[in-house]
Amino acid sequence: MKRVLLIVFVLAGVVLIGCSGFAGAESLWQYGRIVAVKKSVTTSTKAWVVNTPLDEEHTQYTISVHVQDRIIVGNYEISATQSEPPPEWTPGSAVKLEVGGDFMYLRSATGSLRLHITQRKTAGPMQQVTAEEKKRLSELDVPPQSSQSQSPQSMIGFSKAGEDKADPPEPAPQPLPPPPPAPSTGSVTVRSTPYLSEVFVDGDSMGYTPAKIALGPGKHSFRVEKPGYKAWMKEMTITVGSELTLDATLGKQ
């Protein structure tokens, strides 16, 4: 009899532990509060056109979020799929977040973002999310009518590797592009010895050799010079569509 009672107590304990573990399991999505949103802009040279750099700007945001007793910091770069964070994301505003590997997913009623985690650090307890804030954020988890029959997914609104995706609709046929306009200029490629000599066309500086210069039709004067060398000069007539080359050899003074 004692053995039977012992087995009953053990089984009851296992059931209670399993139930309490299930009830206490946390959802993948957690509540957090924005700590800071910082913006940084960097510039890089994308290409060079006639010795003139074409610069491209890169805008990056760094967002810190307080969740439970931690602060998680992540960043992302503005792209076609991710725009600037909502202006409502100010210090203290409530968001929902999920951490997956090296990435953090943030959601609120006004926007969603995917960030690369750069730092994790301990902090004091987070200010509790109010009932009104939870109600507003909980509306994000209500699936639309058309997707009630689908299996639930974590990280709603974000694409994960391995998920089934519907085939994209076939693009509508595009009209043929208009023919390119007829050229209205000619080009002259100026090279020199020594290298990196300054080129003047009709008295205006056009950069340094080697340089490819587009000019309207007509007669133009060319001057190539460099400190310590004698200037080199030549006149040339440009026609529409012409592609000419000038080789300037500068003698030492």
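Which residues does Ile238 touch, not counting residues up to four places away in sequence? They are Gly186, Val188, Leu215, Gly216, Pro217, Gly218, His220 and Leu244, where a contact means heavy atoms within 4.5 Å.

Residues are numbered from 1 along each chain as its sequence is written, and side-chain values use heavy atoms, with hydrogens and water left out.

The protein chain contains two helices and 13 strands; helices (H or I, at least four residues) and strands (E, at least two) are DSSP runs, numbered from the N terminus. Of its 253 residues, 28% are buried. Here buried means under 20% relative accessible area, exposed means over 50%, and partly exposed lies in between, with a 1.4 Å probe and protein chains only. The chain exposes about 17,500 Å², and carbon and sulfur atoms supply 58% of that area. Accessible areas come from the Shrake-Rupley method with a 1.4 Å probe, and for residues only the protein chains shown count as cover. Among contacts between residues at least 6 apart in sequence, 55% join residues at least 24 apart.

I return to Ile238, which belongs to strand 12 (residues 232-238). With a relative accessible area of 2%, Ile238 is buried.

Leaving aside residues up to four places away in sequence, Leu115 touches Ile63, Gly74, Asn75, Tyr76, Asp102, Phe103, Met104 and Leu106. For Leu115 and Asp102, which are 13 residues apart along the chain, the C-alpha separation is 8.6 Å.

Glu98, in strand 4, has a relative accessible area of 3% and is buried. The side chains of Glu98 and Trp29 are joined by a polar contact of 3.4 Å. A polar contact is a pair of N or O atoms within 3.5 Å; within protein, one must be able to donate a hydrogen and the other to accept it, and residues adjacent in sequence count only if both atoms are side-chain atoms.

I turn to charge pairing. Side chains of opposite charge can pair when their charged atoms come close. How many salt bridges does the structure hold? There are four, a salt bridge being a side-chain nitrogen of Lys or Arg within 4 Å of a carboxyl oxygen of Asp or Glu.

One of them joins the side chains of Glu84 and Lys39, at 4.0 Å from N to O. Glu84 lies in the loop between strand 3 (70-77) and strand 4 (94-100), and Lys39 in strand 1 (residues 30-49), so this pair ties together parts that are 45 residues apart in sequence. Glu84 is partly exposed, at 48% relative accessibility.

Another is formed by Asp247 and Arg191, whose closest N and O atoms are 2.8 Å apart. This pair links distant parts of the chain, with Asp247 in strand 13 (residues 243-249) and Arg191 in strand 7 (residues 186-193), 56 residues apart. Both partners are partly exposed: Asp247 at 47% relative accessibility, and Arg191 at 40%.

Glu225 and Arg223 also form a salt bridge, with their closest N and O atoms 3.0 Å apart. Glu225 is partly exposed at 28%, as is Arg223 at 26%.

The chain averages a pLDDT of 80, and 77% of the residues score at least 70; pLDDT is the predictor's confidence in each residue, from 0 to 100. Over residues 144-157 the pLDDT stays under 50, and the model has 14 contacts beyond four places in sequence for this stretch. Residues 159-163 also have a pLDDT below 50, with six contacts beyond near neighbours in sequence. Where pLDDT is low, the predicted coordinates should not be read in detail.
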